[in-house]
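Biologist: I would like to learn how to read a protein model. Can we go through it feature by feature?

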Amino acid sequence: SVDNRREGSSGSPGAAAARSTTASLSAGRNVFLPDTVSHVYSCVGAMSAPTSAPSAAAGCDSLAPDAGPKPLGPTPSQSRFQVDIVAEAAGATGDKSPSSDASTTAPSSDAAAAAPAGGSGACGGEEAKGRFRVVNFADPSEAGSAASPEAPGDGLQNGDTVMSETSLHSSTGGPHHYHYDTHTHTYYMRTFGHNTIDAVPNIDFYRQTAAPLGEKLIRPTLSELHDELDKEPFEDGFANGDELTPPEEAAAKEAADNKGVVKFGWVKGVLVRCMLNIWGVMLFIRMSWIVGQAGIALACLIVAMATVVTTITGLSTSAIATNGFVRGGGAYYLISRSLGPEFGGSIGLIFAFANAVAVAMYVVGFAETVAELLAGVDANMTDELNDIRIIGTITVILLLGISLAGMEWEAKAQIFLLIVLITAIINYFIGSFIPSASKKPLGYFGYDGAIMWENMGPDFREETFFSVFAIFFPAATGILAGANISGDLSDPQLAIPRGTMLAILITGIVYLGVAVSTGSCIVRDATGNLNDTVSSQFMMNCTDAACKLGYDFSSCKSDKTACRYGLQNDFQVMSMVSGFGPVITAGIFSATLSSALASLVSAPKVFQALCKDNIYPGLGIFAKGYGKNNEPLRGYILTFVIALAFILIAELNIIAPIISNFFLASYALINFSVFHASLANSPGWRPSFKYYNMWVSLVGAILCCVVMFVINWWAALMTNVIVLGLFIYVSYKKPDVNWGSSTQALTYHQALTHTLHLSGVEDHIKNFRPQCLVMTGYPNSRPALLDLVHSFTKNVGLMMCGHIRTGYRRPNFKELATDQARYQRWLLKNETKAFYTPVFAEDMRQGAQYLLQAAGLGRLKPNTLVLGFKNDWRDGDMMNVETYISMIHDSFDFQFGAVILRLKEGLDVSHIQGPGNACPHTTRFHAGVWGLGCAFQSQRKGQIDNDEQLAVKHKKSPSVPLNVSDQRLLEASQQFLKKQGKGTVDVWWLFDDGGLTLLIPYLLTNKKRWKDCKIRVFIGGKINRIDHDRRAMATLLSKFRIDFSDINVLGDINTKPKKEHVSAFEEMIEPYRLKEDDMEQEAAERLKDSEPWRITDNELELYRAKTNRQIRLNELLKEHSSTANLIVMSLPLARKGAVSSALYMAWLEVLSKELPPILLVRGNHQSVLTFYS
């Protein structure tokens, strides 16, 4: 054996083990290491033991071929694990580096293995360390061939990780020694000084893809570490929903292939963009007007309110952005990964559209300013409206050109525009400190306490506080400008919180500064007339600030239109105050163009991310990216077209409120995402940004909704309708994505809470529901059974598809788990509300007992066992019948009800070849696994289960020509999918089982497919009491509030059956009789012990009357119910231990043969119906 705790030096305690390993290897034996399964290892080390080959003395340059005996143990064709001899060549000159091309091959008795490149140094001391080389699996079909040193692999699993000779230390302090040989691409690994593939924690194991942060490594699977050596390792995929969607895989591949990608830091990527977007035209042409209307105090309150909303949203954005790696898509990505595709898909589309239309808004704002300047110098091209269109079109084309040139050029343009904007702001503040006599008639007097006090309070003119707030609030939006290009940020988790929050702080301070500044040095009204001065004697009687400063603007009070200057009247007042007016104009240009450019970049990026996720299938063409940065060129063109269309309209007063509401809706959902994720209490919600609070986020979401209605109530309603419509559409389409959203987490949390709560409540008759454990085998192997039970359990009770898997080899639990997930998906795709529950068991009865005891959770446990009738019971091993009948007895022992469905054509379609094949592993029906599932065959590596083939609905017929019986079977298997026309469901309620026999047909006829069928009730009675029994049953049914069309009382149940039918029954059971009267008692007992299903003469005589009743009931069924759509009948009971399984099976056979679909039902004799309220 090998001690896998070998130490490096010859003097270490592991040296003896190392020598014994060396000796074993030189003797040509395969050495198997217990914890190194699943990979092929080559043991590398200098042969320093006395038993080593003579090559050790020859400078370790080579290893002579071993002439020892053939290896013991499994050959390469039997096992995929082998340990080969490899010499570690040490160059005598000592100048060979690990990158040298020198290598030595040493053929072993199993296969030739490539030796590593020569290392430097002598052959003793440290070089005596035993190492393992991780290479690819040995292919049994290529036994004896040389292992390819260039074999490709992925990550640790195939050993191509590039490592230099080094010692790494984990957080636990243990060293991990690695050596990488560049010639053979071999990865040597020693973990904590042990030779093992058990890996230490590593970030590369947790990556979803190889891009963009590092290499994707695959940790050893549990199967590789745990399974026995002669067992094949499993193919392990991603677990726990880590698997990527095809769009994400494509994006990751593109990201991995592209080199030299432009990425931005938090300043250039987020801070600059957010500041430019928040500082809009409002700062220069509306802020002063807001101060005039609301006064300094309320203007500051308006700014503060808007800042509170954006700050809360910024905190929420930061929390989501730091809860895992953020890809491109901005607000859409954050919302969709938090709340799921329904919210994300609905908000993503309108958010992208809002950004596209916002381009038009900003460009038109720019064009209006230019058109005014042209009109001022009398240089109009045509009329004002067409000038705006012409200038806007030229501008948006130029902006598109900058965007198409790449993100780097766009970022440079943004930096330039920010410099211009900051210069304009500084220019204003400088100008506000420069006194100018020429500006006094225009309302500017410099900073003065009287002006500040006069402007402190409001002076609303045709406006209200909320209408002014609605005008200002869009100026505070734009906080997502940085997050929208999250895919272009070098570290989104750092950049988004830092850049966004700092931008909100800086812009908020500037807005407050401008509000206080303008309110402290400019009066509300001014005439602009130099002659409106006041003499010194009149100044003593002045009441307003302008009068005290020597100007009389009292005429403005009587005639508001006469005054064109001051805070209330002049939108360009900041330009007048500034040190150099044209710089303010440049600032206005910068503010509009930067916002337009940011929106022009944001819209395609968000739209591209939306299209990549394939939420809206028709938009997939816009997902494609181009160039190093994966630029969405098609998205740019689409955004350009949308923007151009709205520019040509040139009337944006109507569309502007809707756009603001679209942005606010996204803010509201971002806030709600944080609240929802915190409420769900998912272990996966752990943002590194800690300065958030779920209740503050909820308040932020509510505030966003309130602001929507404050700005424009009809636009808010329209926004909500659009979001709701898109939400319903995406919910209906059910995109096949799994992002681990908080919606999933909350659903789980609520389900767990309600299940626990339900467990504390006692069952009540009124709330009884049939909760069925249906022995379907593979769910698509018995479609008729599945469909009929689903008809009466859908939205009413629990349905579990039980599948007992038995095999002639050790159980493959990994395959069981894989099938569980696959068939559950199949049920969902077929809109069948059921759970697939497979178990491994030694035999069918044991498996059924497992399911009867353990299936379900709390109150959500089955209470009724549903079986298909065993049509082939006379053809196979009668022990299968013994097991079948034992399962029915077991169900009653566990206080379950029992239901058996029989179709004369049969139920199992798994043997039919074609696309609808039920068994993924085989198209052959295995007689040994009767009635409950397909043959269990191992799923060998290389065989592929095609999910799409499996997903083919059982409604579709296979393309292979079928014989007549199979064709009838297939048609019969689909009969419960069709709408049942006007017919009857005949209920033969012969014995009171608590009411289950009556409840099931009632639930069936409530369903859409069965609603045209009437219930006919048949009961047993005496000929002289027929009317009395009918009235009694009618009274009972009316008390139960169950509608029925007719009640038939059968007075002739106990009439003897026809002789030919009795003879046919005798003939049927003849092979199964014990005939103990014809043999010795001892021999009869031995035969009964070995074949317990045999019918004794005694029991046959004892149960003669019961036998005749079953034969007679079949005659009555054929007489009264031969045309029924479905017969529901009381299942006859057989006393356990008294009635043999063959006799009971014969009863069921003779009772139900040659009839329409029949459901034999027996409740557990606990009431399931009540007439009490």
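Modeller: Start with burial. Buried means under 20% relative accessible area, exposed means over 50%, and partly exposed lies in between, using a 1.4 Å probe and protein chains only. Here 53% of the 1173 residues of the protein chain count as buried. This is a predicted model: local features need pLDDT of at least 70, side-chain atom pairs count only at pLDDT 80 or more, and totals for chains, interfaces and linings use all residues. Residues are numbered from 1 along each chain as its sequence is written, and side-chain values use heavy atoms, without hydrogens and water.

Biologist: How many disulfides does the rule count?

Modeller: A disulfide is a covalent bond between the sulfur atoms of two cysteines. The rule asks for a pair of cysteine sulfur atoms within 2.5 Å. The count is zero. Take Cys 705: its nearest cysteine sulfur belongs to Cys 704, 6.9 Å away. Cys 705 is partly exposed, at 36% relative accessible area.

Biologist: How many salt bridges does the structure hold?

Modeller: Side chains of opposite charge can pair when their charged atoms come close. A salt bridge needs a side-chain nitrogen of Lys or Arg within 4 Å of a carboxyl oxygen of Asp or Glu. The structure holds 27. In one of them, Arg 1086 meets Glu 1082 at 3.4 Å, N to O.

Biologist: Where do Arg 1086 and Glu 1082 sit?

Modeller: Both lie in helix α34, residues 1081-1090. A helix is a DSSP run of H or I with at least four residues, numbered from the N terminus. Because they are four residues apart, about one helical turn separates them. Arg 1086 is exposed at 52%, and Glu 1082 is exposed at 57%.

Technical notes
Helix = DSSP H or I, 4+ residues; strand = E, 2+ residues; numbered from the N terminus.
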